[in-house]
Amino acid sequence: MSRNPENPTESEINLSGQVLIAMPGMADPRFAQSVVFMCAHSEDGAMGLVINKPTDELRLNDLLEQLEIKIGPDTRETPVHFGGPVEHGRGFVLHEHGYHSAISTLDVNKQFAMTATLDILEDFADGRGPERAILALGYAGWGPGQLESEIAENGWLTAEADQALVFETADSDKWEAALSKLGVNALTLSADAGHA
């Protein structure tokens, strides 16, 4: 799809609420076999969270202790994911749409929302946070036109996101599950696909 500078809205794609699926030839090893949920996408750039790469040792309780938030008896043991290489010390929570922070929640669509304020962690500590959520440190970000270029160069495939893929599928299975939503088998996927 080429850009039309006369009318950019005509050719702009909005990937908010969808997932990016890294192609096998992904040059950046941080994104190898990544599935990235797109929280926001506009002509100003894009922001997403990697949803299939849990950190090896960090859990929600560790984060709460570091932030001096009291862990309650109803706190769920939740993994912390590598959300992306930008601001890796900042936390983001991708969650089902029903929960809203008292401070600020970004509504992505009717299924998903994202909160990056401390009060959601306090709610988790009290057992009141959203039932379905992914906690991530850092995010993936792209400047204007950068993501579109990476897609055009076969760096990413895109697919519709649903709660089953995002919240119910095991992290180790999400990449192949996302590909199968497109009818693509990971074993037959070429690292250097051509342009149609």
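Predicted model: local features only at pLDDT ≥ 70, side-chain atom pairs only at ≥ 80, totals over all residues.
Modeller: Residues are numbered from 1 along each chain as its sequence is written, and side-chain values use heavy atoms, leaving out hydrogens and water.

Biologist: Why is the pair of Phe92 and Tyr139 called edge-to-face?

Modeller: Rings of Phe, Tyr and Trp (its six-membered ring) pair if their centres lie within 6.5 Å; planes under 30 degrees apart are stacked, over 60 edge-to-face, the rest tilted. The centres of Phe92 and Tyr139 are 5.4 Å apart and their planes sit at 75 degrees, so the pair is edge-to-face.

Biologist: And what makes Phe37 and Phe112 tilted?

Modeller: Their planes are 55 degrees apart, with 4.7 Å centre to centre, so they land in the tilted group.

Biologist: How do you know that Glu77 and Arg59 form a salt bridge?

Modeller: The term asks for a side-chain nitrogen of Lys or Arg within 4 Å of a carboxyl oxygen of Asp or Glu. For Glu77 and Arg59 the N to O distance is 3.0 Å, so they qualify.

Biologist: Why does Glu77 count as partly exposed?

Modeller: Buried means under 20% relative accessible area, exposed over 50%, and partly exposed in between (1.4 Å probe, protein chains only). Glu77 has 43% relative accessibility, so it is partly exposed.

Biologist: What about Lys174, buried or exposed?

Modeller: Buried, because its relative accessibility is 2%. Lys174 also forms a salt bridge with Asp171, their closest N and O atoms being 3.1 Å apart.
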